[in-house]
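This briefing covers one protein chain, from its overall layout down to selected residues. Please read it alongside the sequence and coordinates.

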Amino acid sequence: MSEETGEPFHHCIRCRLPLLEIDARWLVIKDYKHEECMMEYAICEPCRNQTSAGFSEQSKAAVREFLATRIDWDARVEDFMMDSTLESRFACCIGCRTPREHMAGYGISALFDPTGDLIEGPLPLLICDKCTRDLVSRLAPADLASWQDFISSHFEGPPGDGDWPGQGYSGLL
Ligand SMILES: [Zn+2]
Ligand SMILES: [Zn+2]
């Protein structure tokens with residue numbers, strides 16, 4: 001659901017195709033500063049993959065390493081089996097386990113199947129601003145610039161003040 005319109009997302013931000021008409025899964029990414037949604041978008045999986053396909057091996061390895069070392073997936077899978085509600089998934093950071101109310105900002109990402117049903121697996125997840133910064137600091141500068149180009153070509157200006165960590169980076173996960 002879009003925070004802005006209160007309706008489901010209809011189109012992929014990149015190819016602009018209607019999500020329900022393309023035979024692909026899609027992601028919804030939202031970035032919050034405190035509890036205010038600063039940015040939100042839906043992107044189909046082919047577009048999401050194309051966006052990061054040009055990334056250097058260094059950056060791809062950095063994302064893989066972040067996912068493998070900063071997130072205790074065994075423990076998280078156990079949590080999700082105990083309580084699979086979205087509230088519990090979004091109660092704290094997938095990486096550092098900081099409770100959401102103690103974060104300055106966070107991003108969430110969720111995956112949907114081609115018919116629009118939420119897919120529960122590693123996603124949906126919530127990641128705090130500090131872990132996001134940690135991830136982003138590992139990316140090659142050129143890849144970081146290309147991600148920022150992608151974001152700025154689809155959104156007007158950087159919203160809010162400079163300490164907003166967002167930029168839709170949780171779309172990288
Ligand atoms: Zn697309
Ligand atoms: Zn964190």
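In sequence order, the secondary structure of the protein chain runs β-β-α-α-α-α-β-β-β-α-α, with 6 helices and 5 strands in total. Helices (H or I, at least four residues) and strands (E, at least two) are DSSP runs, numbered from the N terminus. This is a predicted model, in which local features need pLDDT of at least 70, side-chain atom pairs count only at pLDDT 80 or more, and totals for chains, interfaces and linings use all residues. Residues are numbered from 1 along each chain as its sequence is written, while chains are lettered from A and ligands numbered from 1 in the order in which they are written.

**Overall dimensions and packing**

- Along the principal axes, the C-alpha atoms occupy a box of roughly 35 × 35 × 30 Å.
- Of the 173 residues, 35% are buried. A residue is buried if 20 or more other C-beta atoms lie within 10 Å of its own, exposed if 12 or fewer, and partly exposed in between, with C-beta atoms placed from the backbone.
- Among contacts with a separation of 6 or more, 66% join residues 24 or more positions apart. Two residues are in contact if their C-beta atoms, placed from the backbone, lie within 7 Å.

**Helix H2**

- Helix H2 (residues 57-69) has 13 residues and should span 18 Å at 1.5 Å a residue, which agrees with the 18 Å between its end C-alpha atoms. The expected span is 1.5 Å times one less than the number of residues.
- Ser59, Ala62 and Phe66 are the buried residues in H2. They fall within an arc of 55° seen down the axis, so they line one face of the helix. The arc is that of the directions from the helix axis to the C-beta atoms.
- The cover over these buried residues includes H5 and helix H6 (141-154).
- On the face turned away from the buried side, H2 carries the exposed residues Glu57, Ala61, Arg64, Glu65 and Ala68.

**Backbone geometry**

- Most residues other than glycine have a negative phi, and most peptide bonds are trans.
- Arginine 16, in the segment before strand E1 (26-33), has a positive phi of about 70°. Arginine 16 counts as exposed because it has 9 C-beta neighbours inside 10 Å.
- Arginine 97 also has a positive phi of about 70° and lies in the loop between helix H4 (86-89) and strand E3 (105-112). With 15 C-beta neighbours inside 10 Å, arginine 97 counts as partly exposed.
- The peptide bond from leucine 123 to proline 124 is cis, with omega near 0°. Proline 124 sits in the loop between strand E4 (118-119) and strand E5 (125-128).

**Two further residues**

- Proline 8 belongs to the segment before E1 and counts as partly exposed, with 13 C-beta neighbours inside 10 Å. Leaving aside residues up to four places away in sequence, proline 8 touches Met1 and Gly116.
- Aspartate 134 is in helix H5 (residues 129-137) and counts as partly exposed, with 15 C-beta neighbours inside 10 Å. Its C-alpha is 31 Å from that of aspartate 117, 17 residues apart in sequence.
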